[in-house]
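Hi everyone, thanks for coming along. Let me put the model up on the screen, and then I'll walk you through it.

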Amino acid sequence: MRSDRSQSAPLGLKIAAACGLLFLHLPILLIFVYAFTTEEKSFVWPPPALTTQWFAVTWNRPDVWQALSLSVRVAAISTAIALVLGTLCSAAVSRTQFFGRETISLLVILPIALPGIITGIALRSAFALADIPFSFWTIVLGHATFCVVVVYNNAVARFRRTSGSMIEASMDLGADGFQTFRHVVLPNIATALLAGGMLAFALSFDEVIVTTFTAGQQQTLPIWMLEELIRPRQRPVTNVVAMVVVLVTLLPILLAYYLTRDGDQIAGSSK
Amino acid sequence: MSLDAAITTKVAPAILPGSGGLRGALSDLFWREPKLLLLLMLLPPVLWLGIVYIGSLFALLLQSFFLIDEFSGLINREFTLKTYGDLFQAANLDIILRTATMAALVTFASAIIAFPIAYYAARYARGRWKALFYLGVMLPLWSSYLVKIYAWKLILAKEGILTWLLAKLNLLWLLDAWLSLPVVGGNSLSVSFTGTFIVFVYVWLPFMILPVQAALERVPSNLVEASSDLGASPGQTFRNVLFPLALPGIVAGSIFTFSLTLGDYIIPQIIGTSRLFIGQAVYSQQGTAGNIPLAAAFTVVPIVIMGFYLWGAKRMGAFDAL
């Protein structure tokens with residue numbers, strides 16, 4: 001029985017928590033203001049005036065569209081691969097006890113536990129050793145590898161909550177393995193898979209460190225942004241792209257939250 | 001009597017006939033041989049991760065034992081430890097030390113900022129507020145990494161909002177005094193270690209909040225009340241009750257903040273000085289210098305540091321808080 005319901009937090013704690021949250025959110029909100037500024041050459045604050053012309057300019061930029069399209073395609077295919085591999089792995093790990101089970105969990109988590117630069121350079125040097133030219137598929141290969149863990153975490157959490165006796169009941173009632181999977185297992189884990197898939201998509205869509213090593217001349221949207229950050233050429237376009245990226249990644253995260261909010265947590269894993 | 005008959009006619013047979021065909025045979029096979037099914041389920045992910053990921057890691061590790069020929073620039077594929085010897089040159093040791101110091105400072109600052117947020121969310125926030133806090137941490141965690149860095153570039157720029165704010169508050173002298181300091185200062189915040197530090201803390205902070213909050217959720221509130229009933233001041237309660245119980249969570253969070261800072265090369269490249277961090281050293285060694293062996297040896301450093309770190313964290317029971 002908790003007795004602290006009527007108790008309110010000390011003022012100092014309230015202020016510290018509020019400041020912390022503001023620290024987390026104000027910088028992102030600032031992006032929204034800069035997308036409308038008329039200033040082209042510098043990051044001057046406050047914006048001299050507001051305009052929506054940069055949205056039209058950005059809309060007509062083929063390079064932005066190409067980068068966006070590449071990012072979406074890479075994210076979609078990586079997510080699909082990660083969904084298959086992550087589901088298989090989580091089903092195997094959560095249903096049975098077998099030798100090396102812990103090792104498998106470690107294997108799945110490793111690509112995200114080690115810094116991205118290690119994954120990146122390892123893949124790059126492996127491609128070089130095996131004489132594999134950089135292409136769309138080398139990017140996908142890297143992305144799918146670290147997306148598996150997100151799907152895996154979500155699915156494992158859901159498997160832990162669903163009772164194994166449901167599967168036994170289904171078999172007792174005469175369903176074969178495929179029917180059980182289709183009518184009992186899948187409906188139970190569907191929302192977890194959807195949430196995992198969304199997060200995997202968001203993760204791949206945003207990934208830059210591994211991509212710098214596995215992409216040749218191709219530009220995903222984050223690579224495009226990175227170029228602009230290192231050598232700013234079209235600040236207004238970058239501002240607009242940054243704002244769109246924030247909005248685009250916001251949706252899958254909110255959706256994933258609503259899909260998994262009762263009970264299991266969204267797998268908060270590192271990038 | 002007739003009722004019974006009506007029921008029995010409606011009841012489906014207790015055991016369905018087998019579905020037959022290839023599908024039925026497969027289903028039966030998997031039922032009789034669960035190990036086969038397990039193997040088939042594990043094979044694709046293990047093959048993928050084993051070949052693509054572990055294979056690449058080993059290839060990388062292998063190359064760290066090769067040496068680059070200084071004159072021809074070709075890689076000499078013979079086993080040697082000389083590349084590791086190069087790591088201990090003063091310049092390279094500097095890079096390693098700088099990165100580890102930054103990682104430690106970032107971890108420390110994140111823990112301090114994260115604690116009040118996590119504590120409020122765990123102990124006081126209820127219902128709608130709880131969801132708000134959760135999303136309030138999740139959204140920055142998952143929003144674009146580059147956009148977050150870009151936002152700080154806007155904030156820290158000389159003509160940016162921070163300078164403007166300090167000017168309004170008549171505190172510009174404070175900023176100038178800070179920037180004139182030897183190591184942490186620079187021409188402006190966006191080209192100083194202070195700037196790098198702020199951005200690191202900002203980007204990795206959510207990774208600290210989540211495990212600390214998870215650890216604090218498990219502290220029963222009557223424990224805190226009992227402590228104050230027994231006469232402890234809030235400070236004493238924090239030191240002797242809350243902090244020790246939250247420590248595994250803090251250590252768990254620090255695994256992320258520390259490891260991510262060790263390996264990052266984009267933040268110090270965009271906001272910071274020209275002095276290198278480990279990630280940048282790896283990147284430039286493999287890219288412009290073409291010295292894959294040295295780059296590979298450099299990547300071993302964070303792996304070793306994190307190995308020790310994880311070993312220590314495990315002993316402190318941090319993995320239970322993840």
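Let me start with burial: a residue is buried if 20 or more other C-beta atoms lie within 10 Å of its own, exposed if 12 or fewer, and partly exposed in between, with C-beta atoms placed from the backbone. By that rule, 44% of the 322 residues of chain B count as buried.

Some housekeeping before we go on. What you see is a predicted model, where local features need pLDDT of at least 70 and side-chain atom pairs count only at pLDDT 80 or more, while totals for chains, interfaces and linings use all residues. Residues are numbered from 1 along each chain as its sequence is written, and chains are lettered from A and ligands numbered from 1 in the order in which they are written.

Now, the overall form of chain B. It has 15 helices and two strands; these are DSSP runs, H or I of at least four residues for helices and E of at least two for strands, numbered from the N terminus. The radius of gyration of chain B is 28 Å, whereas a compact globule of 322 residues would be near 20 Å. That radius is taken over C-alpha atoms, and the globule rule is 2.2 Å times the number of residues to the power 0.38. Along the principal axes, the C-alpha atoms of chain B fill a box of roughly 100 × 70 × 40 Å.

How is chain B divided? There is a domain 1 (18–55) and a domain 2 (86–321), with bounds from an automatic or database domain assignment. Their centres, taken over C-alpha atoms, are 43 Å apart.

Next, contacts, meaning two residues whose C-beta atoms, placed from the backbone, lie within 7 Å. Among contacts in chain B between residues at least 6 apart in sequence, 72% join residues at least 24 apart. Across the interface, 79 residues of chain B are in contact with 71 residues of chain A. Helix 3 (residues 34–63) of chain B gives the largest share of chain B's side, 16 residues. By class, that side has 56 nonpolar, 18 polar and five charged residues. Here Ala, Val, Leu, Ile, Met, Phe, Trp, Tyr, Cys and Pro count as nonpolar, Asp, Glu, Lys and Arg as charged, and the others, Gly among them, as polar.

Staying with helix 3 of chain B for a moment, B:Phe58 is found there. Is B:Phe58 buried or exposed? B:Phe58 counts as exposed, with 12 C-beta neighbours inside 10 Å.

On to the core. A nonpolar core is a set of buried Ala, Val, Leu, Ile, Met, Phe, Trp, Tyr and Cys residues joined through C-beta atoms within 7 Å. The largest one has 170 residues, of which B:Ala114, B:Ala118, B:Ile149, B:Trp204 and B:Val212 touch the most other members. Helix 10 (residues 193–217) of chain B supplies the largest share of this core, 18 residues. Because domain 1 and domain 2 of chain B both give residues to this core, it lies between them. Leaving aside neighbours within four places in sequence, the contacts of B:Ile149 include A:Leu229, B:Val199 and B:Ile266.

That A:Leu229 is one of the buried residues of helix 10 of chain A. Seven of the ten residues of this helix (residues 221–230) are buried, so it is largely enclosed by the rest of the structure. Its buried residues pack against several helices, including helix 3 (62–95) of chain A and helix 7 (145–156) of chain B.

Chain B has a helix to set beside that one. Eight of the nine residues of helix 14 (residues 278–286) of chain B are buried, so this helix too is largely enclosed. Among its packing partners are helix 5 (116–129) of chain A and helix 12 (234–263) of chain B.

A:Asp131 has a positive phi of about 55° although it is not a glycine. A:Asp131 sits in the loop between helix 5 and helix 6 (136–161) of chain A and is exposed, with 6 other C-beta atoms within 10 Å. In chain B, phi of B:Asn170 is near 60°, again positive in a residue other than glycine. B:Asn170 is in the loop between helix 8 (161–168) and helix 9 (172–179) of chain B, and with 8 other C-beta atoms within 10 Å it is exposed.
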